[in-house]
Amino acid sequence: MTEDTAAPPAGFAAVRDAVTVRMPAASAYLSVLRTATAGLAARLDFTLDDIEDLRIGVDEACAMLLAQALPGTDLTAEFELTDTGMRISVSVLSADGRLPERDTFAWTVLSALAGDVDAFADADDRVTIVLHKHRAMPGSV
Amino acid sequence: MQKLGLATQAHGGTATVQVVGEVDIATAADLRRSVSATMREHGPWLVLDLTRVRFMDSSGLNVLIEVHKECKEQSGHLALAGPQAQVAKVIRLIGLDKHVAVHDTVAEAVTAVDAHRVLPAEAEETSQLN
C-alpha cells in the first residue's frame with residue numbers, strides 16, 4: 001500500500017489537500033481502507049456520524065468495484081478536501097467497464113450515506129465511483 | 001486478514017450465534033457458513049448476537065436476509081440482538097427491521113424466539129382439541 005500526502009492544510013480553502021491510497025484489489029484490504037477513511041475524515045472536522053457514514057460509503061463503493069476488478073490489479077482511492085467537504089474517488093481496472101448496478105442494497109446504503117454519488121467508466125475500462133460528502137457548516141448544527 | 005469471531009450457544013431449543021468483529025465482503029461468507037452449521041445442528045430458531053459487531057455493510061445485511069428467509073422456510077424464527085449504532089443504522093436503512101425483530105439484549109431476543117418456538121406446538125394442540 002502506498003500513501004502520498006500533499007502539503008499540510010495551512011489554510012483550509014487555499015491549499016489542495018489530497019491523499020491517494022493504492023492497494024491490491026482484494027477484499028482483505030477493505031478494513032485497512034475503512035480505517036484510513038475514518039482517520040482522514042476526522043482530520044477534516046467531520047462529525048462522528050459523518051465519519052461513520054463515510055467509512056460505510058467507501059466500503060460499499062469499493063466492495064462493488066472489487067467484484068469486477070481484474071485479478072492482480074490495484075484499487076485506487078483518492079481523497080480530496082473541497083471547500084464544502086471531502087471528495088473520494090475509488091477506481092479499479094475492469095474487464096468490461098460495466099457500471100455498478102443501482103438496484104442493490106449496496107447502492108442503497110452508499111447513496112443514502114455518502115452524499116453525492118456518481119459512477120463512470122473510462123475508455124480503458126477503468127470504473128470509478130465518486131463520493132462527495134459535505135461537511136456541516138459552522139453554525140448550521 | 002481479519003477474521004470474525006463466531007461462537008454458538010444453545011439455550012434450550014434456541015441457538016445464539018455471537019458474532020465478533022467486522023462483517024464485510026471479506027468475512028460475510030464466514031458468518032453464512034457458521035449460521036448454516038448452527039441451523040443444521042440446532043434447528044431454525046436462532047438469535048444473532050451483534051453486540052460486538054463493530055461494522056456491517058450490505059454483504060452482512062444480505063446474509064441476515066438470507067438467514068431470515070431460511071428460518072422462515074423451515075418454520076423457525078430469527079431475532080437480532082444488541083446491534084451497535086452503525087449496524088442498527090444500516091439495518092434500518094434497508095428496512096430489515098420491518099421483517100426481523102431487533103432486540104436490545106440477547107436475553108430478550110432468546111425469549112422472543114422461544115415464544116415463537118412454543119406457539120406453533122400450542123396451536124397444534126388446540127387444533128387437535130377441536
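Guide: Let's start just after helix 2 of chain B, where Ser75(B) takes a positive phi of about 55 degrees. Before going on: this is a predicted model, in which local features need pLDDT of at least 70 and side-chain atom pairs count only at pLDDT 80 or more, while totals for chains, interfaces and linings use all residues. Residues are numbered from 1 along each chain as its sequence is written, chains are lettered from A and ligands numbered from 1 in the order in which they are written, and side-chain values use heavy atoms, leaving out hydrogens and water.

Now step back into helix 2 itself, residues 58-73 of chain B. Helices here are DSSP runs of H or I with at least four residues, strands are runs of E with at least two, and both are numbered from the N terminus. Helix 2 has 16 residues and reaches 22 Å from first C-alpha to last, close to the 22 Å expected at 1.5 Å a residue (the expected span is 1.5 Å times one less than the number of residues). Its buried residues include Leu61(B), Leu64(B), Ile65(B) and His68(B), where buried means under 20% relative accessible area, exposed over 50% and partly exposed in between, with a 1.4 Å probe and protein chains only.

Next comes the sheet of chain B. It is open, with five strands in the order 1-2-3-4-5 and mixed pairing; two strands pair if DSSP finds at least two bridges between them. Strand 1 (5-11) and strand 5 (101-103) stand at the edges with a single partner strand each, so one side of each has no neighbour in the sheet. Strand 2 (residues 14-23) and strand 3 (residues 45-56) run parallel over eight bridges, and Val17(B) of chain B stands opposite Leu48(B) in strand 3.

Finally, look at where chain B meets chain A: 18 residues of chain B are in contact with 19 residues of chain A, contact meaning heavy atoms within 4.5 Å. Together the chains bury about 1,500 Å², 66% of it on carbon and sulfur atoms; buried area is the accessible area (1.4 Å probe) that two parts lose on being put together, summed over both. In chain B, Ile25(B), Phe55(B) and Leu93(B) lose the most area to chain A, together 30% of what that side buries.
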